[in-house]
Amino acid sequence: MKTRDWVTFTLNGVVKEVRGEWIFKTLSDYLRYERRLTGTKVVCAEGDCGACTVLRSPVGLGSAKPRFEAINSCIALVGQMDGSALVTIEGLGTLDRMNPVQESMMKSHGSQCGYCTPGFVVAMTWMLEKGKLVDERAVKNHTTGNLCRCTGYQPIVEAGLQAGKLRDQDPKAFESQTTLKRYLPGTQKKELEKAVKKPVQIVLKEDPLGLGLRYFYAPTTLKELAWVRKKYPNSTILGASTDLGVVFNKGKRDLRHLVSLHLIQELYAVKKTPKGLAVGARVTLSDLRRAFEKEGANALAQSLDLFASPQIKNSATLSGNIANASPIGDTPPVLLAMGADVLVLRSKTGKQEWIPLDRFFLGYRKTALKPGDVLLKTRIPLPKKGEYFQFFKNSQRKDLDISCVSCAVWSKADRSAVRIAFGGVAATPYRAKAIEKELALKKGQKTWSLPQLQSAMKTLQDQIQPVTDLRGSTAYRRILAEGILRKILNEIPTS
Ligand SMILES: Cc1cc2nc3c(=O)[nH]c(=O)nc-3n(C[C@H](O)[C@H](O)[C@H](O)COP(=O)(O)OP(=O)(O)OC[C@H]3O[C@@H](n4cnc5c(N)ncnc54)[C@H](O)[C@@H]3O)c2cc1C
Ligand code: FES
Ligand code: FES
């Protein structure tokens, strides 16, 4: 098998090939220290503030057309940028002309100390290039992943609105200057498309810290994936590193033995099957939201609106959220309530196995994945006519916050079947089967009786074991869990 010992991407239109040490470092460090593109700032290094925002479009990966989206470069690894087109703040505007967002930021006094400014400009450029209506809501939604400590935000929102007006005054001129037009001409696209057909195998024996071998593998087929995971069962699967990048930057986890799935084309697919939507391991949460919307599964699409920020959702995968197995992860309760299952590649046998998600979470951060296994797909049944779904997330602030308690409920409108799942009330995402049993209707019964509901709530309190942490006390979580469940059950329409 012919492999590459380098990764490749375009950076503001110039093709780069990167080898060695840099593969294992963050994109923001590479931009700032290797390429001297210091417009990209790093403030939190945790994906929270957006100062490091850059634009990224996959090229030749998956079937989708190239599309630039805003991502956080501080928690992305350079190795993962393989097969991407990247644009930084330095690539927006030209030497003699600012882009509409830069111009409006200046005129609206949207910048004071300036540290957050490049991130806001990049995020709002992404908004403009989507070609949709720019109003106050759009500006705020596209900048929920950006923090500013100086301006009080109003001048920035004003700048976004003014930029929208500039775009709409001369749409043709704007269109001719978009990042896609400027930075993805045919030749570079072809070069990346050709490169991503070859697997990556980078092995570094020299280590300045004397810690031994480091490797980065990116197979192009499931067969190669099974081979590499069998050889290195303790390697780390790299999704988009929105979880891994944070713990890496905090020095809590080394990322030295990496297997990335980004070159396996079939893992980018979202396919409708008789048993639900089959979502590949490389599908991002933004892609998933679009797929839900396309299928008319609006309640499922909306369940993703309170997940992190646009920058995170543009890169984070659904599989990463499941495999991470956080008891306060947002998608597991949704998936449990929908009765989802996951397809796992067993590295020992090379076989694939469907596992119902309610048998996947075994203990705190412990899953049914054995060393070397890989989560390949998630299959999500979509609500049908006469079925109801609702997700409720409680967190300290609306945007970009992890939940304290979350609850998802799927039910038939006639209440003849119900599935209930929680986040934040146990060591794992929790499917409340005992409560579902209590809520089973007897023959002729049209809805739940008061004693039945009271008994279900008592069972809930008996079963859950919430902890006290900075997001909420045990007592508070108990009250929340019961309150949210009562609210959702109460709101299920009768037909
Ligand atoms: C600022 C910020 C805000 C966030 N907000 C939220 C939020 O609101 N709600 C929420 O639930 N989460 C949130 N997260 C957490 C994170 O974004 C999600 O968990 C995300 O879905 C992880 O996906 P990833 O592709 O980045 O995974 P990675 O970080 O790449 O991986 C996470 C873990 O899963 C493993 N893994 C990844 N893919 C596979 C696979 N296919 N097979 C086996 N193992 C795999 C990795 O080895 C790793 O252990 C937030 C993170 C940040 C930085
Ligand atoms: S530096 Fe704050 S999100 Fe990257
Ligand atoms: S201008 Fe100073 S942080 Fe925004």
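Visitor: Why does Arg365 count as partly exposed?
Guide: Arg365 has 13 C-beta neighbours inside 10 Å. A residue is buried with 20 or more other C-beta atoms within 10 Å of its own, exposed with 12 or fewer, and partly exposed in between, with C-beta atoms placed from the backbone. So Arg365, with 13, counts as partly exposed. Keep in mind that this is a predicted model, where local features need pLDDT of at least 70 and side-chain atom pairs count only at pLDDT 80 or more, while totals for chains, interfaces and linings use all residues. Residues are numbered from 1 along each chain as its sequence is written, and chains are lettered from A and ligands numbered from 1 in the order in which they are written.

Visitor: Where does Arg365 lie?
Guide: In the loop between strand E14 (361-363) and strand E15 (366-367); strands are DSSP runs of at least two residues (E) and helices of at least four (H or I), numbered from the N terminus. Arg365 also has a positive phi of about 55°, though it isn't a glycine.

Visitor: What makes Ala325 buried?
Guide: Ala325 has 21 other C-beta atoms within 10 Å, so it passes the buried cut-off. Ala325 is in the loop between H14 and H15, and its phi, near 55°, is positive too.

Visitor: How do you know that helix H15 is largely enclosed by the rest of the structure?
Guide: Count the residues: 8 of the 8 in H15 (residues 331-338) are buried, so the helix is largely enclosed. Among them are Thr331, Pro332 and Met338. Just after H15, Gly339 takes a positive phi of about 75°.

Visitor: How many residues surround ligand 1, and which are the closest?
Guide: There are 33, the closest being Gly47, Gly239, Ala308, Gly320 and Asn321; a residue is near a molecule if its C-beta atom, placed from the backbone, lies within 6 Å of it. Strand E8 (236-238), helix H10 (244-249), helix H14 (318-324) and strand E16 (374-380) each give two or more residues to that shell. H14 gives the most, with 5 residues.
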